[in-house]
Amino acid sequence: MYTIIISVIAVLMVSSLFLTYAYSYVRIIFHYIFFLLGLLGIIWLSKLTIISKISLSLIFICYYYTNFSMVTSFINSMIKYTVEIPPKFRKTDEMVSRTIIEVSSRILNIKINSDNLPDRPTIMVCNYAHNQIENIFCLIIPVKMSIVMASFFKRFLGFGSIVKRPIFINLGGGNYSLLREEIPKHIAQGSSIFSYVTNIPFMGQKPYQIYRVSRGMFKLAKELDIPVTLVCMDYIFRTIDGAIPPQNFNIHIGETFKVEDAYYSATKSRKFFKNTLKRFHDTKFKRIDLNRNK
């Protein structure tokens with residue numbers, strides 16, 4: 001019976017390993033939590049001695065400590081800023097931003113070139129985060145912003161429930177009129193608009209590969225006569241078994257410009273994302289100094 005249960009767990013782990021590359025929304029579940037739980041399940045269902053089980057469990061727990069530390073800290077923060085200090089009791093997202101930096105700086109050497117931020121509200125266009133958990137890091141950009149996100153996030157404890165100024169859109173599309181109405185309102189209140197404009201990474205896609213950039217936001221920027229600011233978000237590197245080693249994590253604020261042609265601007269941004277992400281990738285483990293975050 002034990003053999004059957006262990007085999008089932010192993011099959012589920014292998015299946016999840018495949019799914020984590022085939023479908024982006026399970027990456028967090030598998031690579032941050034499920035793989036370790038599966039290993040522990042196999043260990044404790046095996047016929048090893050109790051000493052061996054405890055020893056192996058401690059080894060794996062230590063190996064994946066950063067995963068659990070980061071994920072549990074993020075979950076605790078989500079609960080805190082959704083239940084205890086919800087958006088309606090906060091004037092800004094500054095408190096949330098400090099917490100994100102605090103809980104992640106033990107493993108990530110966070111770098112952001114905030115000196116390049118524009119001095120007026122703009123439409124900030126960014127690449128879609130590779131592992132999805134990175135999406136929350138847009139909140140550490142030191143500027144008042146309203147974040148465009150799918151209405152899906154509004155219904156669950158998470159990103160959509162902690163942001164002070166969300167702009168919810170439909171996953172099925174047809175949001176042009178909605179955004180055309182909402183964006184000027186937020187800009188008039190001194191808030192920049194933050195929007196992801198690239199495709200959600202899929203199976204086999206390298207962290208620095210960008211295949212498609214949506215032109216919708218650039219068309220709106222031109223129509224509404226609002227400048228665009230390019231923002232490139234780094235990815236969190238994981239080993240094949242999901243462990244997160246100490247690493248650099250960059251957010252690069254690029255050029256701010258007026259859109260004259262939506263197609264040209266989208267092509268320009270795609271080149272910016274590809275080149276910047278490749279640079280992030282090549283320097284992921286160079287000169288890591290976690291003390292600089294303190």
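This is a predicted model: local features need pLDDT of at least 70, side-chain atom pairs count only at pLDDT 80 or more; totals for chains, interfaces and linings use all residues.

User: Why is serine 192 called buried?

Analyst: The term buried applies under 20% relative accessible area, and serine 192 has a relative accessibility of 2%, so this residue counts as buried. Serine 192 lies in strand β5, which covers residues 192-196.

User: Which residues is serine 192 in contact with, leaving aside its neighbours within four places in sequence?

Analyst: Beyond those neighbours, serine 192 is in contact with Arg120, Pro121, Thr122, Met124, Val143, Lys144, Met145, Ser146 and Ile187, where contact requires heavy atoms within 4.5 Å.

User: What makes the buried residues of α5 line one face of the helix?

Analyst: In helix α5 (residues 94-104), the buried residues are Val96, Ser97, Thr99, Ile100, Val103 and Ser104. Seen down the axis of α5, these residues fall within an arc of 165°, and therefore they line one face of the helix. An α-helix has 3.6 residues a turn, so residues three or four places apart point the same way. Glu94 and Glu102, on the other side of α5, are exposed.

User: Against which elements do the buried residues of α5 pack?

Analyst: The buried residues of α5 pack against α4 (65-84), β1 (108-112) and α6 (159-162).

User: How many helices and strands does the chain have, and what share of its residues is buried?

Analyst: The chain has nine helices and seven strands, and buried residues make up 48% of its 294 residues.

Methods. Residues are numbered from 1 along each chain as its sequence is written. Side-chain values use heavy atoms; hydrogens and water are left out. Helices (H or I, at least four residues) and strands (E, at least two) are DSSP runs, numbered from the N terminus. Buried means under 20% relative accessible area, exposed over 50%, partly exposed in between (1.4 Å probe, protein chains only). The arc is that of the directions from the helix axis to the C-beta atoms.
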